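Hi,

Here is the structure I promised to pass on. Have a look at it first, and then read on for what turned up.

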Amino acid sequence: MKTLIRPREESTQPRRIVEGYPQTAQRNPAQPLVRREPTLSELTGPLELARRVKLLGGDIAGRGDKQAIGQLIHLKVRVLDEDGAPVGGTVVEIWQANAAGRYIHPNDDDHAPVDANFYGAARLVTDETGSFTLRTVKPGAYPVPASDGWWRPPHIHFSLFGRVWLSRLVTQMYFPGEPLNAQDRILNAVPDAAARERLVARYLPPAADPYNALVLEHQIVLRGSAATPGQP
Amino acid sequence: MKRGALVPTGEATVGPFFPPRYVDAGANDLTQLEGRGARGEVIEIRGRVVQDDGAPLENLIVEIWQPDAQGIFRHPADPRHAQADPNFLGWGRAATDQDGRYFFRTIRPGAPQGREPHINFMLMFSGLLRILKTTMFFEDAPDPVLNLVSNRRHLLIGKKEGENLYTFDVRLRGGNETPFFDD
């Protein structure tokens, strides 16, 4: 199956250099990017990654009576292409801070406490409807190290592959109604308000299970459209 | 739903806390798949990634995608994919060390249809709100993608340092900045 990749509308993607985020000015090219027409090399990509990387499942909120501290959430995510077709069988990597805003990472030296029952990283494969459910706790906000009072709002990181090299996506998902969303320099690097809104998940009615978990849904759209032979 | 009706989700940085466990042991060795060796010439690619002031970047994620020794991509869009090497997936991931260095062990790619031999690179890091994409070539040759780059094309050509060793350094910004692509 062939995939068509079109240039994205710039306003729906983040600016590369962001005021108040000094690393962006050190690390993004000064020269204009070279515009290329994708060839077979960029219109193919790894489809069997699950044979290469270890899957970790989609439950990072604890096991048995060792539950992570925080608000339990079930996050239902659908991964679609630009035609709305589900992207099934693709590897998704997910990572986030714990409820106190601390990551499981040697570089995170924030004062917030670690939570031994919180796993912090999930890696799974979407089902044939492009869906997966993550069981986790709501991540805490945290101050950006060595910044001028910038706090990241609660957010969850996603890394996805899709069907071709150019459908690779690294993104972050936000929570509705968070006061810190309005000031976040990463979320607000996306100029288009509707595109920013699509980075925010939606609450659904709570789960009818013994935990009464909060339920959120989110949609992720990967680049690519079906290219049918004979059609432009 | 109308073709192309949905807008691709906005990118964001991987940030400084990409889980180290996602750089799986052996993820930078493309020559083996489930214990079986791929066909072709084994090569090593080493490089160093620096920012504007020349400082090396630690924990930057480098991913590569390439065809097998015959130039076939393991993907149904490649008309020759039925002949693809069953023991070669074509994808790898590495994280840079404290000196900004990454390392891949792979198979020297063949020439895909209409292209010269090359390896696709992606870089992800704190401060990169969008993935940076570039391509490494093995020699200066009339490749349609390399031809888009005029005076800086030499920066996309890996340096042969030994029988099976190439270096491909990446400078994100500043003098001798690596050319990056948008598509």
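What share of the contacts in chain A with a separation of 6 or more comes from residues 24 or more positions apart? The answer is 72%. Please keep in mind throughout that this is a predicted model.

**The two chains**

Let me stay with chain A for a moment. Chain A holds two helices and 15 strands. Its radius of gyration is 19 Å, close to the 17 Å from the globule rule for 232 residues, so chain A is as compact as a globular protein of that length. The C-alpha trace of chain A spans about 55 × 40 × 35 Å along its principal axes. Of the 232 residues in chain A, 44% are buried.

In chain B, 48% of the 183 residues count as buried. Take the contacts in chain B between residues at least 6 apart in sequence: 66% of them join residues at least 24 apart.

**Where the chains meet**

The contact between the chains draws 71 residues from chain A and 63 residues from chain B. On the chain A side, the elements that give two or more residues are α1 (23-27), β2 (34-35), β6 (91-96), β12 (169-174) and β14 (214-221). Sorted by class, that side of chain A has 32 nonpolar, 20 polar and 19 charged residues.

An open sheet of four strands in chain A has the order β8-β5-β14-β13, with mixed pairing. Why is one side of β8 (131-137) and of β13 (202-204) left without a neighbour in the sheet? Both stand at the edges, and each has a single partner strand, so there is no neighbour in the sheet on one side. From one strand to the next, the twist averages 30 degrees. Within this sheet, β5(A) and β8(A) run antiparallel and are joined by seven bridges. A:His74 has A:Arg135 in β8(A) as its bridge partner.

**The nonpolar core**

The largest nonpolar core has 99 residues. Those with the most contacts inside it come from both chains: A:Ile94 and A:Leu160, together with B:Val49, B:Val62, B:Leu123, B:Met124 and B:Phe125. Strand β5 (residues 72-80) of chain A gives the largest share of this core, six residues.

B:Leu123 deserves a click in the viewer. Leaving aside neighbours within four places in sequence, B:Leu123 is in contact with B:Val49, B:Leu60, B:Val62, B:Leu128, B:Ile131, B:Leu132 and B:Val170.

**A few single residues**

A:Phe118 lies in the loop between β6 and β7 (121-125) of chain A. Is A:Phe118 buried or exposed? There are 24 C-beta neighbours inside 10 Å, so A:Phe118 counts as buried. Beyond residues up to four places away in sequence, A:Phe118 touches A:Ile60, A:Gly62, A:Ala68, A:Asn98 and A:Val137. A:Ala97 is 21 residues away from A:Phe118 along the chain, and their C-alpha atoms are separated by 9.2 Å.

Two asparagines in chain B have a positive phi. For B:Asn59, phi is near 70 degrees, and for B:Asn176 it is near 55 degrees. B:Asn59 sits in the loop between β3 (42-50) and β4 (61-65) of chain B, whereas B:Asn176 is in the loop between β11 (170-171) and β12 of chain B. B:Asn59 counts as buried because it has 20 C-beta neighbours inside 10 Å. B:Asn176 is exposed, with 10 other C-beta atoms within 10 Å.

Happy browsing, and all the best

Methods: Residues are numbered from 1 along each chain as its sequence is written. Chains are lettered from A and ligands numbered from 1 in the order in which they are written. This is a predicted model: local features need pLDDT of at least 70, side-chain atom pairs count only at pLDDT 80 or more; totals for chains, interfaces and linings use all residues. Two residues are in contact if their C-beta atoms, placed from the backbone, lie within 7 Å. Ala, Val, Leu, Ile, Met, Phe, Trp, Tyr, Cys and Pro count as nonpolar, Asp, Glu, Lys and Arg as charged, and the others, Gly among them, as polar. A nonpolar core is a set of buried Ala, Val, Leu, Ile, Met, Phe, Trp, Tyr and Cys residues joined through C-beta atoms within 7 Å. A residue is buried if 20 or more other C-beta atoms lie within 10 Å of its own, exposed if 12 or fewer, and partly exposed in between; C-beta atoms are placed from the backbone. Two strands pair if DSSP finds at least two bridges between them. Axes are lines fitted to C-alpha atoms, for helices over the stretch in contact, and angles run from 0 to 180 degrees between N-to-C directions. The radius of gyration is taken over C-alpha atoms; the globule rule is 2.2 Å times the number of residues to the power 0.38.
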